[in-house]
Amino acid sequence: MADQKTSGMVDPAVFEHLQTKIDEDAKVREEIKDILQTLERQGRNAQSILSRAHSTPSAQLAPTIDAAEKAIRDEVDTIYDLSEVASKYPYYKYNGLWTRDIQNACFAIVLCGWLGGFGAEGSGSQHGRLLAIEEVGQILNVPVNLKERDAFHLTIEEYLQSLITLIEELARLAVNSVTLGDYQRPLQISQFVKDLHAGFQILNLKNDSLRRRSDSIKYNVKKVEDVVYDLSLRNLVPKGNGET
């Protein structure tokens, strides 16, 4: 007769080891989430400052841009802390926790850059320009699209997502610029978003979320075109500057 006290076929130590791993993973996630709470708060602050562009004439944007750059630098400091923690582990194990916040930080940078921020020292304000992904990476102080090593970085998808958000924001800005009596900025925005739309059409996007969002770009382009067309009908566009 089999000994009643003989242990089962499964060693409980297997599950004890698994529980240890689960506890370690939960601890890492909590550490990352604590950093992200700070980053999310800083991101809201930066975007709140940048939203002043909707009610501020272009010629008076300098204080807003300076304040936005300072707020973004606070985000950069927090992203450094995130990078220090995240780079200890495989990148794709935890990146789902922070990718939205990194997209938002990237959007704040490209919008601030479009408004005239983050110009080269001594170059003065250069509004209406697109910051390349490498420039955004330099501002964030993180590598871009890493392939040769497994570490925290800014992905192409995060950058492209931020550009789609930029187009949405500029479509709003075109409308609000008219309210401010600025009839030139919608023309500038129209050309810029058309150029971005043309760029996205070149891309063969594999990311489903990115592909779906990029489909919406044409509606925002049309929204800006309607603003320009309305200005043309009201003879508020200088001759030679209207768009067809």
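**Exercise 1.** Determine how many aromatic pairs the predicted model contains, and classify the pair W98 and F152.

*Solution.* The count comes to 5 aromatic pairs. For W98 and F152, the ring centres are 5.3 Å apart and the planes make an angle of 55°. Planes under 30 degrees apart count as stacked and those over 60 as edge-to-face; the pair W98 and F152 is therefore tilted. W98 belongs to helix 3 (residues 91–115), whereas F152 sits in the loop between helix 4 (133–140) and helix 5 (156–179), so the pair ties together parts that are 54 residues apart in sequence. Both W98 and F152 are buried. Together with Y91 and Y92, W98 and F152 form one aromatic cluster.

**Exercise 2.** Classify the aromatic pair W114 and F192, and state whether each residue is buried or exposed.

*Solution.* The centre-to-centre distance for W114 and F192 is 6.0 Å, and the angle between the planes is 65°. An angle over 60 degrees counts as edge-to-face, so W114 and F192 are an edge-to-face pair. W114 lies in helix 3 and F192 in helix 6 (residues 185–202), so this pair ties together parts that are 78 residues apart in sequence. Buried means under 20% relative accessible area. W114, at 1%, is buried, and F192, at 10%, is buried.

**Exercise 3.** Describe the surroundings and exposure of F15.

*Solution.* F15 is found in helix 1 (residues 12–50). Its relative accessible area is 52%; exposed means over 50%, so F15 is exposed. With M9, V10, V14 and L18, F15 forms a nonpolar surface patch of about 570 Å² of accessible area together.

Definitions and conventions. Residues numbered from 1 in each chain as written. Predicted model: local features only at pLDDT ≥ 70, side-chain atom pairs only at ≥ 80, totals over all residues. Heavy atoms only, no water. Patch = residues over 30% accessible without salt bridge, like charges linked within 9 Å, V, L, I, M, F, W, Y side chains within 5 Å. Areas by Shrake-Rupley, 256 points an atom, 1.4 Å probe, with all protein chains shown as cover. Salt bridge = Lys/Arg side-chain N within 4 Å of Asp/Glu carboxyl O. Helix = DSSP H or I, 4+ residues; strand = E, 2+ residues; numbered from the N terminus. Buried < 20%, exposed > 50% of the residue type's maximum accessible area, 1.4 Å probe, protein only. Phe/Tyr/Trp six-rings, centres within 6.5 Å; stacked < 30°, edge-to-face > 60°.
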